[in-house]
Amino acid sequence: MGTKTAELLSADTSMGAVTLLVGDLTAMTAYYRDAITLSVISETPTRVVMGRNNLPLVILELAPELKHASRRQAGLFHTAILFETQADLAAAIYSVATRYPGTFIGSADHLVSQAFYFSDPEGNGVELYWDRARTEWSWVHGRVEMDSLMLDPNAFMRDHLNEQAVEEPHQRAATVGHVHLQVGDIANAKRFYVDQLGFETTATKGTQALFVSAGGYHHHMAMNTWNSAGAGPRPKSLGLGTVRLELPSSDDMGELDERLSHYGVATRNDGATLAFEDPWLNRVQVSTQA
């Protein structure tokens, strides 16, 4: 895949919680709790941590002074929440369809996964998905085969929805599977996320989209220019606050800090977290896995 092993992120890298800066904390909390079926783990008047089984997935931070992001600027395309079973995914889709039906955008079978797309009340993209077994993924010349085939949400729910999954969503595991960003151009995205940060390229769509991962996952992150071609650094706005990566050890974090410094990327390392910005000022924070 073209990158020396010493310059790669650990194969056991995973995604952490995504922070969203929001204008209406009450409405956004209700959406992620009542529609997406996340539990409130902790809350203050300005910050709500939400997730499953005490694992934070989405952190909402009140920022009433900020304006909504332009659709054409760099930032978040979607936060993708991964469910362990098709029944758990079906239960979440059923919840959104019942409580916030107008937020459904579309669905697709990507060969590696089955995915359903939504837009939260402040316009942040949300993907809910389930992975097929890795043994069913097809790789050709170091690239994973993905597609966007028709996936009927009603048929999916008819085939997989069960009463137990609907009644016990908060006891079922879920994780942030990947985060998809809007960026200004793919060449700079590859330079930063692959050549400097240390992900491996797993798929591309011409000059418009890049998919990257650690350890042979189909993608932990993706970047596209579908709405944002030519976008420069982000102005402060509602929407994406922080993308989090989790590495296995402090040694991994130290190696990453050294590598980024070598490439001239400014980092802030307080011993517990390593923080930096990508070329569009999307904030990335790295910590070690609990």
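A side-chain oxygen of D185 lies within 3.4 Å of the backbone nitrogen of A187 at the start of helix 5. The model described here is a predicted one. Just after helix 5, G198 adopts a positive phi of about 110°. Within the helix, the buried residues are I186, A189, F192, Y193, V194 and Q196.

The structure contains eight aromatic pairs. Y31 belongs to helix 1 (residues 25–35), whereas Y100 belongs to the loop between helix 2 (86–99) and strand 7 (104–109), so the pair ties together parts that are 69 residues apart in sequence. Y31 has a relative accessibility of 0% and therefore counts as buried. Ring pairs join Y31, Y32 and Y100 into a cluster.

A further pair involves helix 5. The ring centres of F192 and F276 are 6.1 Å apart and their planes stand at 55°, so this pair is tilted. Since F192 lies in helix 5 (residues 186–196) and F276 in strand 18 (residues 274–277), the pair ties together parts that are 84 residues apart in sequence. F192 and F276 are both buried.

The largest pocket has a volume of about 810 Å³. It is lined by 43 residues, of which L76, F77, H78, G125 and Q182 are the closest to its centre. Two or more lining residues come from each of strand 6 (75–83), strand 7, strand 8 (113–119), strand 9 (125–131), strand 12 (174–182) and strand 16 (239–247). By class, this lining comprises 16 nonpolar, 21 polar and six charged residues.

The second largest pocket holds about 420 Å³ of space. Of its 23 lining residues, S14, M15, G16, L55 and E246 are the closest to the centre. At least two residues of this lining are supplied by each of strand 1 (14–15), strand 5 (55–62), strand 12 and strand 16. Strand 5 provides the largest share, four residues. The lining of the second largest pocket consists of 12 nonpolar, seven polar and four charged residues.

How values were computed:
Residues numbered from 1 in each chain as written. Predicted model: local features only at pLDDT ≥ 70, side-chain atom pairs only at ≥ 80, totals over all residues. Heavy atoms only, no water. Phe/Tyr/Trp six-rings, centres within 6.5 Å; stacked < 30°, edge-to-face > 60°. Buried < 20%, exposed > 50% of the residue type's maximum accessible area, 1.4 Å probe, protein only. Polar contact = N/O pair within 3.5 Å; in protein donor to acceptor, adjacent residues only side chain to side chain. 1 Å grid on protein atoms, 1.4 Å probe; cavity = no way out; pocket = protein on both sides within 12 Å on 5 of 7 lines; lining within 4 Å. Points joined across faces, edges and corners; volume = space filled by probe spheres on them. Nonpolar A, V, L, I, M, F, W, Y, C, P; charged D, E, K, R; others polar.
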